Amino acid sequence: MSEQTVSFSVDASLLSAFVHVAEKNACDNTELLRAFMAEYVQQDVRRNQYDMWFKGKVERGLQELQAGRGLTQEQALAQMGAFKSSLAASREGSL
């Protein structure tokens, strides 16, 4: 992997605080910045993967609705009510 040097301006008080915290935790400033950058990139990758997964779930759900395999709100509420009732009954039976 080739390396490049990065130079940027930062508020003096922020830099001072960063250096102080890094030294307190026995961390090398450069390594710490590299780790922060790598984690930031990984967060973006994970966010994009989640977005793709979520969009796929929504698309499949919409396709199921269009194919008539969905429930009306009333049907869903009735099923949830029945589930809650059975759960409450099973809890009462285990007491």
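**Helix packing, pocket and rings**

The model is predicted, so local features need pLDDT of at least 70 and side-chain atom pairs pLDDT 80 or more, while totals for chains, interfaces and linings use all residues. Residues are numbered from 1 along each chain, and side-chain values use heavy atoms, without hydrogens and water.

Helices are DSSP runs of H or I with at least four residues, numbered from the N terminus.

Phe18, Val19 and Ala22 of helix 1 meet Asn29, Leu32, Leu33 and Phe36 of helix 2. Contact here means heavy atoms within 4.5 Å. By class, six of these residues are nonpolar, one is polar and none is charged.

Now turn to the largest pocket. Its space is about 730 Å³. A pocket is an open set of points on a 1 Å grid where a 1.4 Å probe fits, with protein on both sides within 12 Å along at least five of seven lines; lining residues have an atom within 4 Å of a point. The lining has 18 residues, and Val6, Thr30, Leu33, Arg34 and Met37 lie nearest the centre. Helix 2 gives the largest share, six residues. The lining divides into 10 nonpolar, six polar and two charged residues.

Last, the rings. Aromatic rings pair if their centres lie within 6.5 Å. The count is three aromatic pairs. Tyr50 and Trp53 have ring centres 5.5 Å apart and planes at 40°, so this pair is tilted, neither stacked (under 30 degrees) nor edge-to-face (over 60). Both residues, Tyr50 and Trp53, lie in helix 2, three residues apart, about one turn.

Key:
Helix = DSSP H or I, 4+ residues; strand = E, 2+ residues; numbered from the N terminus. Nonpolar A, V, L, I, M, F, W, Y, C, P; charged D, E, K, R; others polar. Points joined across faces, edges and corners; volume = space filled by probe spheres on them. Phe/Tyr/Trp six-rings, centres within 6.5 Å; stacked < 30°, edge-to-face > 60°.
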